[in-house]
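Thanks for coming. I will walk through one structure today, starting with a single residue and then moving on to the sheets, the cores and the charged pairs.

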Amino acid sequence: MQAISVVDLTRRFGEFVAVDHLSFDVRPGEIFGFLGSNGAGKSTTIRMLCGLLQPTSGTATVGGRDVGRDPEGVKKQIGYMSQRFSLYEQLTVDQNIRFFGGLYGLDGARLQARRDFVIDMAGLQGRERMITAELAGGWRQRLALGCAILHEPPIVFLDEPTGGVDPLSRRQFWSLIDDLSASGVTVLVTTHYLDEAEHCHRIAIISAGRMAALGSTRELKSMFDDRAIVERARKRMADWPSQHYDYKRDEIQQTLNTLDEAINSLRAAAGAGAFDLTLDWIYFGNPAKLPYELAAKLPLLRFDLPH
């Protein structure tokens, strides 16, 4: 039996379709990655799979429980770490652990054993009495994960768990996810970081609520081997010689947005053919002020700024 099975899952908010007929399965013990831009429907999908949001149509089972007909049964099978920090910041580390342990029905020796596990896993020995808000970001995220798996659920949902965390803490956090998977726990995780996606056994790319691609990292990379490649490269503004440009900050941002739109249009028009565009230099301002020596050395793509 699949740990998670989703068939034509759909969620509408009025006329807006947030999740549009998604279908996929997640195997037991698998790390399944959910990738997509903000607003793609990742968090809405997770909320439905956790029994927190009723689907408009379609079906999904989590741990053998139907999310539409038995949401409370689903909640007993899972751990959930939300996109935002999910603990009570004015409680101490130990108080948070005991609070969530009580919610999950843990007490006595089992609660003590699981408390010790979380403290050790999160590296919080000696900090049990610290106010949670005073912890560094990495420690708080590991504590939040520990509280989400206090009751040893077979399936865990992690919604952008490493957002705003430094690179070292992200690596440490993913080591914990790898350990969970190795112990047989199924993990569905959303992320914006492609290096984190490399940890996933399979990845689903979501766009506008629909499944854009599904497969292992190797399979997904092979899909784009013959696609157009568009690169935008530019120096940091602080590195540009001031005598070679004049600009207004908001106009530069507007022009960069226009450039992004143009590149996306070029990418769409290129289709299956090979297409490479490298922009080594972008000049903002009056082209007459650009020294000939600089123009001769650097390829230019010029946009006229609005007056």
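One term before the first residue: a contact here means heavy atoms within 4.5 Å. Please also keep in mind that this is a predicted model.

With that term in hand, which residues does Thr217 touch, leaving aside residues up to four places away in sequence? They are Ala197, Glu198, Cys200 and Ile203. Thr217 itself lies in helix α8, which covers residues 217-223. Is Thr217 buried or exposed? Its relative accessibility is 17%, and buried means under 20%, so Thr217 counts as buried.

Next, the sheets. One of them is an open sheet of 6 strands, in the order β6-β7-β8-β3-β9-β10, and its pairing is mixed. At its edges are β6, residues 78-81, and β10, residues 210-215, each of which pairs on one side only. From one strand to the next, the twist averages 15°.

Inside that order, look at β3 and β8. These two strands run parallel and are joined by 4 bridges. Helix α1, residues 42-49, touches β3, β6, β7 and β8, and its direction makes about 150° with that of β7. Helix α6 also touches β3, β6, β7 and β8, and its direction makes about 135° with that of β3.

Now to an open sheet of 4 strands. Here the order is β2-β1-β4-β5 and the pairing is antiparallel. Why is one side of β2 and of β5 left without a neighbour in the sheet? Strands β2 (16-26) and β5 (65-66) stand at the edges with a single partner strand each, so one side of each has no neighbour there. Between them in the order, β1 (residues 4-13) and β4 (residues 57-62) pair in the antiparallel sense over 5 bridges. As an example, Val7 stands opposite Thr59 in β4. Helix α1 comes up again here: α1 packs on this sheet too, touching β1, β2 and β4, with its direction at about 115° to that of β1.

As background, nonpolar side chains in soluble globular proteins tend to be buried together. The largest nonpolar core in this model has 36 residues, and the members that touch the most other members are Ile97, Leu143, Leu145, Leu158 and Val187. Which elements supply at least two residues each to this core? The strands are β3 (31-35), β7 (155-159) and β8 (186-190). The helices are α3 (93-103), α4 (108-122), α5 (137-148) and α6 (167-182). Take Leu145 as a case: beyond residues up to four places away in sequence, Leu145 touches Met81, Met121, Leu158, Phe173, Leu176 and Leu180. Apart from this core lies another, of 27 residues, including Ala3, Ala18, Val19 and Phe34.

Last topic, the charged pairs. How many salt bridges does the structure hold? There are 15. I will go through three of them.

In the pair of Arg140 and Glu89, the side chains meet at 3.3 Å, N to O. Arg140 is in helix α5 and Glu89 is in the loop between β6 and α3, so to speak of sequence, the two are 51 residues apart. Arg140 is partly exposed, at 21% relative accessible area, and Glu89 is partly exposed as well, at 30%.

In the pair of Arg115 and Asp94, the closest N and O atoms are 2.4 Å apart.

In the pair of Arg114 and Glu152, the N to O distance is 3.7 Å. Arg114 is in helix α4, while Glu152 is in the loop between α5 and β7, 38 residues apart. Arg114 is buried at 11%, whereas Glu152 is partly exposed at 48%.

Finally, some salt bridges share partners, and these join Asp94, Arg98, Arg115 and Asp116 into one network.

Technical notes. Residues numbered from 1 in each chain as written. Predicted model: local features only at pLDDT ≥ 70, side-chain atom pairs only at ≥ 80, totals over all residues. Heavy atoms only, no water. Core = buried A, V, L, I, M, F, W, Y, C linked by side-chain atoms within 4.5 Å. Buried < 20%, exposed > 50% of the residue type's maximum accessible area, 1.4 Å probe, protein only. Pairing = 2+ DSSP bridges. Axes fitted to C-alpha atoms, helices over the stretch in contact; angles between N-to-C directions. Salt bridge = Lys/Arg side-chain N within 4 Å of Asp/Glu carboxyl O.
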